[in-house]
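Here are my notes, in the order I'd go through them with the model open. Keep the viewer to hand.

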Amino acid sequence: MTQEIDIRKSDMKSKNEQNRRNFLKLGAAFGTSMITASAFGSMQPAGSQLSTGARAASTSTKVRTLGSGNHALEVSPIGLGCMSMTSGSYNPPRSKKEMIPVIRGAFDQGVTFFDTAEFYGPFTNEELVGEALAPIRNQVVIGTKFGFEFKDGKPVGKNSRPEHIRQAVEGMLRRLKTDRIDLLYMHRIDPNVPIEDIAGTVRDLIKEGKALHFGLSETSPDTTRRAHAVQPVTALQTQYSLLQRFPENQVLDTCEELGIGFVPWGPVARGFLTDKFNEWSRFSEGRHAVVPEFEPEALKNNMELLCLVRDWAMRKDATPAQISLAWLLAQKPFIVPIPGTTKLHHLKEDLGALDVRFTAGELEEFRTAFEKIDLINVRSFESAKEDQ
Ligand SMILES: NC(=O)c1ccc[n+]([C@@H]2O[C@H](COP(=O)([O-])OP(=O)(O)OC[C@H]3O[C@@H](n4cnc5c(N)ncnc54)[C@H](OP(=O)(O)O)[C@@H]3O)[C@@H](O)[C@H]2O)c1
């Protein structure tokens, strides 16, 4: 951890270095005097006493609403993506013993929205999330996703046939130790099943009380619209960050028009926007080793965006991760990012984004600057029109 922070700070200017040191000092204080009782009876940091330097975890109790009308769902303005805790995506899978305190610590910091999927592990992530949240089940919102078939613990393809969705949901309920799924997403469209049949199956599951709200992931505006006509959609979860802005091509507009919430995954661009990597970073395993935005050429080229984010971090007395998340929150009131992390101190940093505000003029100035940057190896705006 120390090494990671050292690398991250190595090319930052002095004011931001001071901010981070303040943040780390506050982090150290968490372990000693600034403590309060948590929902789990353990000693937890009192974020309300923190205000200086890079913003520490916000104690904001504000909520955001995903979806509308009878299909609205209130959640914390920032959720927790639990994927990397067990998926092996960005780090080796962590133990339940290590991760349960992170999930429960998130709740103690005000997070009520937790993201998982049967794909993550597979299954181990839902088991972890279920166990971690069981004592506070009625106070949290769990989102999970179906859409794949597994054999011998490995995904073997997409499958959203109605009987398979029903079977998947039974497994989810068992692993999540619950009698209902608050937000049931279709993870990826199955090209062999019409979206109307998938939405119809979720509609029936909602009638039966096994699911409470319907979500989609990575669907085109057209598919989203067709699904919504059968069963109103509460949230669309799609990749979106300062690095990957393709949802600005009709996806966000469609959500706004239909009253659908938007949950950006990859909100800190798989760590790129937290300033933990640089142009010399190289990856031999996990997702970073295979996604195009982490290829050497892309890291080098796209560093210009990170430099801009760093500048704004200095200007707003925040960290790059906080600027990235605050910018997402400022785009639309129905946006709820779910940064993924395996570390409570990173989550606290991410939650500090709730205290970063942009004026309309600042948002315009920021956009003018980042739109001039010619990013490479990112998803094209055209790709927003296709189901992924
Ligand atoms: N619907 C979909 O298809 C889909 C796809 C992918 C992910 N998701 C969901 O979206 C969630 C978030 O996406 P993601 O995890 O892919 O990407 P992300 O949130 O942009 O990035 C996660 C990475 O950022 C690092 N990080 C987070 N906050 C940090 C901080 N303050 N300082 C330094 N590093 C920080 C984490 O490392 P540390 O562990 O070291 O903090 C982790 O490796 C996932 O957990 C998952 O639930 C959904």
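1. Helices (H or I, at least four residues) and strands (E, at least two) are DSSP runs, numbered from the N terminus.

2. Before going on, the ground rules. This is a predicted model, where local features need pLDDT of at least 70 and side-chain atom pairs count only at pLDDT 80 or more, while totals for chains, interfaces and linings use all residues. Residues are numbered from 1 along each chain as its sequence is written.

3. Which residues of α5 are buried? They are I165, A168, V169, M172 and R175. Seen down the axis of α5, these fall within an arc of 125°, so they line one face of the helix; the arc is taken over directions from the helix axis to the C-beta atoms. Turned away from that buried side are the exposed residues E163 and E170. For the cut-offs, buried is 20 or more other C-beta atoms within 10 Å of a residue's own, exposed is 12 or fewer, and partly exposed is in between, with C-beta atoms placed from the backbone.

4. The expected span is 1.5 Å times one less than the number of residues. Just after α5, K177 has a positive phi of about 50°.

5. Further on, D179 sits in the loop between α5 and β10 (183-186). Why does D179 count as exposed? Because it has 9 C-beta neighbours inside 10 Å. D179 and G209 are 30 residues apart in sequence, yet 8.2 Å apart in space, C-alpha to C-alpha.

6. Helix α3 passes the length test as well: 13 residues (96-108) should span 18 Å, and the end C-alpha atoms are 18 Å apart, which agrees. Its buried residues are M99, V102, I103, R104, G105, A106, F107 and D108. After α3 comes G110, with a positive phi near 105°.

7. Now the sheet. It is open, has seven strands with parallel pairing, and runs β5-β6-β7-β10-β11-β12-β13. β5 (80-81) and β13 (261-265) stand at the edges with a single partner strand each, so one side of each is left without a neighbour in the sheet. Strands pair if DSSP finds at least two bridges between them.

8. Two pairings to click through. β5 and β6 (residues 113-115) pair in the parallel sense over two bridges, with F114 of β6 as the partner of L80. β11 (residues 214-217) and β12 pair in the parallel sense over four bridges, and there V233 of β12 partners F214. Seven of the seven residues of β12 (233-239) are buried.

9. For the ligand, what comes nearest among the 29 residues around it? G81, M83, W265, G340 and T341 do, where near means a C-beta atom, placed from the backbone, within 6 Å. Helix α11 (residues 344-351) gives the most to this shell, with three residues.

10. Buried residues make up 48% of the 388 in the chain.
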